[in-house]
Amino acid sequence: MVASNIEVWQRATVVSVEDIATGIRRIVLAPEKPAKADPGTHLDLMVTIDGRPEKRSYSIVDASATGDRVALSVFRTPTSRGGSIWMHQLAPGDVLEVTQPLQNFPLRYGAPRYLLLAGGVGITAIAAMARALAKVNADFTLVYAGRSRSAMAYLRDLEAELGDRIRIHVDDEGTTMSVAALVESISADTEVYMCGPIRLMDAVRRSWGDRGLPPQQLRYETFGASGWFDPEEFTVRIPKLGVEAVVPKGRSMLEALEDAGVDMMFDCRRGECGLCEVRVQSLTGNIDHRDVFYSDRQKEDRAKMCCCVSRVVSAGAPAVVTIETS
Amino acid sequence: MTDTMPARQTSTTHKVMPHPLNAWYVAAWDHEVTRKPMARRIADRPLALYRTEDGRAVALADACWHRLAPLSMGKVVGRDGIQCPYHGIVYDSLGRCVSMPAQETINPSATVPSFPVVERYRYVWVWLGDPALADPALVPDMHQMDSPEWAGDGLTIHAKCNFQLVLDNLMDLTHEEFVHSSTIGQEELSESDFVTTHDDRTVKVERWMLNIDPPPFWLKNMRDKFPGFSGKVDRWQIIHFEAPSTICIDVGVAMAGTGAPEGDRSQGVNGYVMNTITPETDRTSHYFWAFMRNYRLDSQLITTQLRQGVNGVFGEDEVMLEAQQAAIDANPDYEFYNLNIDAGGMWARRIIERMLEAEGRSARMAPAAPTFRRTGA
Ligand SMILES: Cc1cc2nc3c(=O)[nH]c(=O)nc-3n(C[C@H](O)[C@H](O)[C@H](O)COP(=O)(O)OP(=O)(O)OC[C@H]3O[C@@H](n4cnc5c(N)ncnc54)[C@H](O)[C@@H]3O)c2cc1C
Ligand code: FES
Ligand code: FES
Ligand SMILES: [Fe+2]
C-alpha cells in the first residue's frame, strides 16, 4: 500500500505489557480504528510528561493482519525526559491516543539482496522487515548488535525464525561489530535498512560514502535525539528578541525557546527537515549536532544548528549559545 | 474460500463495484511509455510512467514528496532517474531521492511510492496493492498478443463508466443483436443456448450457433481466407474471464458441418478479442483491447481493417456503457434485476467480490457525488 504520513488519531487500549529484555517492555495495543501495519511503520502517540501532553513515536514490531493488535517495544531511556518512563507505567486496560500506522521507512520488495542492520532497540523497526523478507523468500541477512544478550529484545525469537540469516554481535561477549568490515563486505546491489544508535548509523554512513556505494541504497530511520554527548543544561540567548533561556537537561532547545514564548518554526522535530534551523552568532562550548539535515562540512562550520534535537555542551566554562532565529 | 458465509452476504447485486487492489492492471501499451514521462490514473492512483535508459518501465506516484508537484511534468535524468519539475528533487526508479538541490544532505524519508511493474503481452502492467503479493505469475494470460502464431492490433477506449459495466458487457454477448446489428449481430445470438462454468479465478461462457448465415463481419473474414466463400457457417463465441478484469473471447466461424464444434477449425477463421479493463476512477475505465487472428498473418491490410472494424463496433458499446452509467447514477434508488443471460457476468462479479473481501474491503460503493453542471454560456 502507498506509504502514508497522514496522522489519523484514535484511541487504543493496552491489552498486555511484558518485560522482554533489560529495560525493554513490550506493549500490545488494540486500536479503535485498526489499519494494516506494513514493515517500517510506526505509531505516534501522546505521552504525559510533567502533566503536559507530548508526542513520541514507536515502531510497530509486529501486528495482526488487520492491525487490530499492534505491538510496540519501548526502551526505558536512562536520560529520558519522561516519555519512555510514562510508557513503562502503562497497564492493561489503560487507554491512550495513538495514530494509525505512519510510514517513513518503507521496505521495497524485489531487491537482489538485503542487509538489515539493527543496533539495540533499533530492532523494533527492523524485525518486521526481516519477517516480511523471510516470508517472500528474499536473499537477506539481519545483523543485530547489542550490549549484552539480555538487553537484546526478540533475540531468541529471531534466531529461531531466521536460522543462519541472522548474525549477532554482542559487546560483552567480545564480538563487537566492525562497521568498516561490515560495509566492506557489502556488494553493490545490496539494499541496506538500518536503525540504531546515532554513533552506529553515522559510522555506517561514513564507510558507505568512503566506499562510494549508491547513497539511495542505504535506508535508515533515526529514532531522534540520541547524541554524541550526554545532555547538559545550557543557556541560549536571542539578543534580537531580548530572550535568554535556560535549556534544562530534560528539554530540547526548541522546547525551551517555545516555553520562553518565542514563535518558532519547525516541522519534523527530529532533525530531518531543517526547518527549525537557528544561526549561531557566538558559542561558549561545543555543538552536539544530532540532526541528519546538515552535511559534515556544515556541522564543522558550527554556524547553524537544528534546535529540535541538537544541543550545546560545555568545554570548561558553562555552555552558552547566542543565536538568531528565522 | 468464503463458502461458510451466508449466501446473502455475497449478494452479487451491486450495480457498480470498487476494484480489487491486489491485482495487475494494464497501465499502458508498451509503445506509450517512453523516456518522456506521462501521467495516467490507474485504480484511482495518479501515476507517472516512464522508461529508464535501459528500457525498463517505471511507475511512480505522480506527486513529489516535497510539495506534491506532478513528477509526470518533470524530465528523466541519468540512468533511471526523474526530476521534479518544481524544485528539482531527483528520484531514482525506486522512488528514492538521489539529490536535493537546495541542501547538502538527502532527507532519509524523501521517497515517492514506486509500484511493481511487469511488461508482458505488449502491455505495461502495474500492481497497486500489497507489494509483497505482486507475483508476476498472476498476470492474466493474454499470450495471443505477442505470439508468432497470432497477428493483430488494438486501441484504448476511455470509457466513462465503472469497470464492472464493461465486464458485464463482454460477458454477455446477446447484446450484439441489438447494439451491433449492422456488423456482428444476428438473431441466432439471443436464441442460442450457452454454457457457463467457473473456478476460483476464471469464468467461461461458451456459445455455438450451428448452420447459420454469417453476419457481414464474419463473411468478410471468411473470404479473406477462403476467397469467394459463400454458404452457411458454424459460429462460436467462447468467453474466457480471468480475474479481476481480463476477458479474452475466442470467436470465429467455420464452414457448416466441417467439425468445428468437435475441434477441427481448419475450414474456418478464428480470432481472439483481447480485452483488459483498468479502473481509472470509480466511474471511468481504461479499456485496452485488441483483435488477434491466426490466419493471413502477413497481411497488414487485414490487421488494420480488423482494428478499424472492431473499433467501430466497440464505439457502439462505449455509447451504451456511458448511457448506462449515467442512468445508474440518475436512479440511485433503483436496483438491477439480474437475468439468466447475466450468469457469466454474475460469476465474474462474485469472484471480484471475494477478492475485495480478501482485502478486507466491501463490494458496496459510495453513491456518486452529486455533479453540478454549468448550463448555458
Ligand atoms: C520513527 C521513530 C520510531 C521510534 N521507535 C521506537 C521504538 O520502537 N522503541 C523505542 O524505545 N523508541 C523508539 N523511538 C524513540 C521514542 O520516540 C522516544 O524518543 C524514546 O522513547 C525516548 O523518549 P523519552 O521521552 O523517554 O526520552 P527523551 O527525553 O526523548 O530522551 C531520549 C534521548 O534523547 C536525549 N535527550 C534527552 N533530552 C534531550 C533534549 N532536551 N534535547 C535533545 N536530546 C535529548 C537523551 O540523551 C536520550 O538519549 C522512535 C522514534 C522515532 C522517531
Ligand atoms: S524540526 Fe525538522 S529538523 Fe528540527
Ligand atoms: S515539489 Fe518537487 S521538489 Fe518541490
Ligand atoms: Fe459489444
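The model is predicted, so local features need pLDDT of at least 70 and side-chain atom pairs count only at pLDDT 80 or more, while totals for chains, interfaces and linings use all residues. Residues are numbered from 1 along each chain as its sequence is written, with chains lettered from A and ligands numbered from 1 in the order in which they are written.

**Helix 4 of chain B**
- Helix 4 of chain B spans residues 216–225, and its buried residues are Phe217(B), Trp218(B), Asn221(B) and Met222(B). They all sit on the same side of the helix, because they cover an arc of only 130 degrees around the axis.
- Buried here means 20 or more other C-beta atoms within 10 Å of the residue's own (exposed is 12 or fewer, partly exposed is in between), with C-beta atoms placed from the backbone. The arc is taken from the directions from the helix axis to the C-beta atoms.
- Helices (H or I, at least four residues) and strands (E, at least two) are DSSP runs numbered from the N terminus.
- Among the elements covering those buried residues are strand 15 (233–242), strand 16 (246–255), strand 17 (268–281) and helix 5 (300–330) of chain B.

**Domains of chain B**
- Chain B is split into domain 1 (24–128) and domain 2 (137–358), with bounds that come from an automatic or database domain assignment.
- Their C-alpha centres are 34 Å apart.
- Domain 1 of chain B puts 14 residues into the contact and domain 2 of chain B puts in 12; contact means C-beta atoms, placed from the backbone, within 7 Å.
- On the domain 1 side, strand 1 (24–29) of chain B gives the most, with four residues.
- That side of domain 1 of chain B has 10 nonpolar residues, no polar ones and four charged. Nonpolar covers Ala, Val, Leu, Ile, Met, Phe, Trp, Tyr, Cys and Pro; charged is Asp, Glu, Lys and Arg; the others, Gly among them, are polar.

**Between the chains**
- Chain B brings 20 residues to the contact and chain A brings 26.
- The chain B side there has 10 nonpolar, six polar and four charged residues.

**Strand 20 of chain A**
- In strand 20 (residues 320–324) of chain A, Val321(A) and Ile323(A) form the covered face, while Val320(A), Thr322(A) and Glu324(A) form the uncovered one.
- Strand 14 (residues 234–238) of chain A runs parallel to strand 20 of chain A, joined by three bridges; pairing takes at least two DSSP bridges.
- Strand 16 (residues 277–284) of chain A pairs with strand 20 of chain A in the antiparallel sense over five bridges.
- Val321(A) is the bridge partner of Val236(A) and also of Leu283(A).

Definitions and conventions:
Two residues are in contact if their C-beta atoms, placed from the backbone, lie within 7 Å.
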